[in-house]
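The following paragraphs walk through a protein model, taking its sheets in turn and then a single residue. Please keep the sequence and the coordinates open while reading.

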Amino acid sequence: MATPLSHNPSSALRTIAVVGLGTMGTGITEVLAKAGREVIGIDISEAQAAQSLAALESSTARAVARGRLGEEERAEVLARVRTGTDLRAAADADLVIEVAPESYEVKHQIFRELDGIVRPETILATGTNALSVTRLAADSARPERVLGLHFFNPAQAMKLVEVVSSVLTAPQAVAAVTDLAIELGKEPVAVGDRPGFVADGLLFGYLNQAAAMYEAKYASREDIDAAMRLGCGLPMGPLALLDLIGVDTARTVLDAMYAESRDRLHAPAPILKQLSEAGLTGRKSGRGFYTYEAPGSATVVPDALTPAEGGPATPGREVRSVGVAGSGTMASGIAEVFAKAGYDVVLAARSEEKAQAAKARIGKSLARSVDKGRLTAEAAAQILDRIAPAGSYDAFADVDLAVEAIAEDLEIKRQLFQALDKICKPGAVLATTTSSLPVVACARATSRPQDVIGMHFFNPAPAMKLVEVVRTVLTADDVHATVHEVCARIRKHAVDCGDRAGFIVNALLFPYLNNAIKMVQEHYASLDDIDAAMKLGGGYPMGPFELLDVVGLDVSLAIEKVLHREFRDPGLAPAPLLEHLVAAGCLGRKTGRGFREYARR
């Protein structure tokens, strides 16, 4: 029987064995060695062990070349690492970190062998992100010393480490490993044992939805990835990220998540199985959703699915003047964008006062750009002169493109489109900036549905590069081409999508936000830990709860309801906690309280 676990501070974790020297194991080895730990790297493959050591040598050489490491320090780091193929080399380790392939059989075998090799007080950590830590611990002779230690790739750069306890884990083991993570310069987040933990639990559901969206031919891989990078500020698009992680790995993680949650959002999209079984597992094989220069390369090369240069073949209509309908933040931002690109803009609202106020808001925005040195005072004055405020939509009689940016209410939008149908000249393009309502309903309110299209700008419009171009089944080819040409002129990146709820960005973003709320609702993790996990582990510019409070909980709930109504998927039903907060008037920053409290201005 194992001896009781004494308090084992991280400073006592001096010698650490890393079992499995793939990309992750090699990265962890480097992090440990740089932090002054003696590292024993073990892999069943002699070639892999040698490759790992070579990777460590070149990585540290690059660090010296960049001035991040001295030559003497590099020699000390390399001297702390020894590699081999015999698990018995772990006999003197204070901590063993296992990062072998995601298979219970493989991991059980390693843990059983380690039970007979390591000292009674040694802590055993698994790097799994998909398998049950409890199941691995229960099969060990020392379950109280088994826990999860989930690093993120690349381990050298990513700050997040998830420390995963099972019901069997001794608190002292958790404390020792948590302290070690802090000494390594990481930010540890304590989580319970369920597939995916926090970061991957939220990330993989989102990646799966993106794969399903692509499989349904709703949007191209390039447009899905560009939409999430430019619309949400993510470092990588979801399909490129699946290729980096490994399509087969993603499928394994999702299978494990679905087995526990039975949520259809976690049921692996069939394309993940098709690609995996064909050996098209992403970067490591040279082909996945994209095609790469060579196996292991990050360089994407054109293939049969790469879009042709030059955009739509049909020429668009000429656009010289633009009408923007509305007086809110979005309308004034869009008017500013068009005026900056040289268009004459009519900014029309329900009253002259509202239109003048919207123009004044643009004046302030331009003044800020002048203060920051982005514009000259003369250029700002010229831009502002191009904007003509109007207290009636009758001023749109001569515009070539009318862009509606009024309240997100279908009946109000339909009424406006009925009016624009009568006011605007024949051949004018009529666009709605809706983020969640059916564009075709606006089109059917007119006698010219072929001239109606969606142009979904993101807030703040002057700063955000993305426009989702939403084509209905009735939209004419030259109208679609016109909007692409206009987007190029206003220096926005246009992505194409069909007329269904959420388009690309909201359809992928809001189920992820909803799942984060469910994690808090189920007391699995705290708001702060979830926000930290997604920023540090996923590279998100904001955590889900920060973002929800900025967007507004009422707006988020409305979008969730639209998605749930459209797709009828139980997993898309708004989390009850979100509904309760909205009912209580806690709408986020704008009310001073949402998921967090804010100082009232």
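How many bridges join strand S1 to strand S4, and do these strands run parallel or antiparallel? In this predicted model, strand S1 (residues 15-19) and strand S4 (residues 95-98) are parallel and are joined by four bridges. Within this pair, Val18 has Ile97 of S4 opposite to it.

Both strands belong to an open sheet of eight strands, in which the pairing is mixed. Read across the sheet, the order is S3-S2-S1-S4-S5-S6-S7-S8. The edges are formed by strand S3 (81-84) and strand S8 (187-192), each of which pairs on one side only. From one strand to the next, the twist averages 25°. Helix H1 (residues 23-34) packs on this sheet. The strands that H1 touches are S1, strand S2 (38-42), S3, S4 and strand S6 (146-151). The direction of H1 makes about 170° with that of S1.

A further open sheet of eight strands, again with mixed pairing, has the order S13-S12-S11-S14-S15-S16-S17-S18. Its edge strands are strand S13 (387-390) and strand S18 (493-498), and each pairs on one side only. Neighbouring strands in this sheet are turned against each other by 25° on average, with direction ignored.

Strand S16 (residues 452-457) and strand S17 (residues 466-471) run antiparallel, with four bridges between them. Here Met455 stands opposite Val469, a residue of S17. Helix H13 (residues 352-371) packs on the sheet, where it touches strand S12 (344-348) and S13. The angle between the direction of H13 and that of S13 is about 155°. Helix H15 (residues 410-423) lies across strand S11 (321-325), strand S14 (401-404), strand S15 (429-432) and S16. Relative to S15, H15 runs at about 170°.

Is Ser276 buried or exposed? Ser276 counts as buried because its relative accessible area is 13%, and the cut-off for buried is under 20%. Which residues does Ser276 touch, leaving aside those up to four places away in sequence? The contacts of Ser276 are with Val247, Asp248, Arg251 and Thr281.

Key: Residues are numbered from 1 along each chain as its sequence is written. This is a predicted model: local features need pLDDT of at least 70, side-chain atom pairs count only at pLDDT 80 or more; totals for chains, interfaces and linings use all residues. Side-chain values use heavy atoms; hydrogens and water are left out. Buried means under 20% relative accessible area, exposed over 50%, partly exposed in between (1.4 Å probe, protein chains only). Contact means heavy atoms within 4.5 Å. Two strands pair if DSSP finds at least two bridges between them. Helices (H or I, at least four residues) and strands (E, at least two) are DSSP runs, numbered from the N terminus. Axes are lines fitted to C-alpha atoms, for helices over the stretch in contact, and angles run from 0 to 180 degrees between N-to-C directions.
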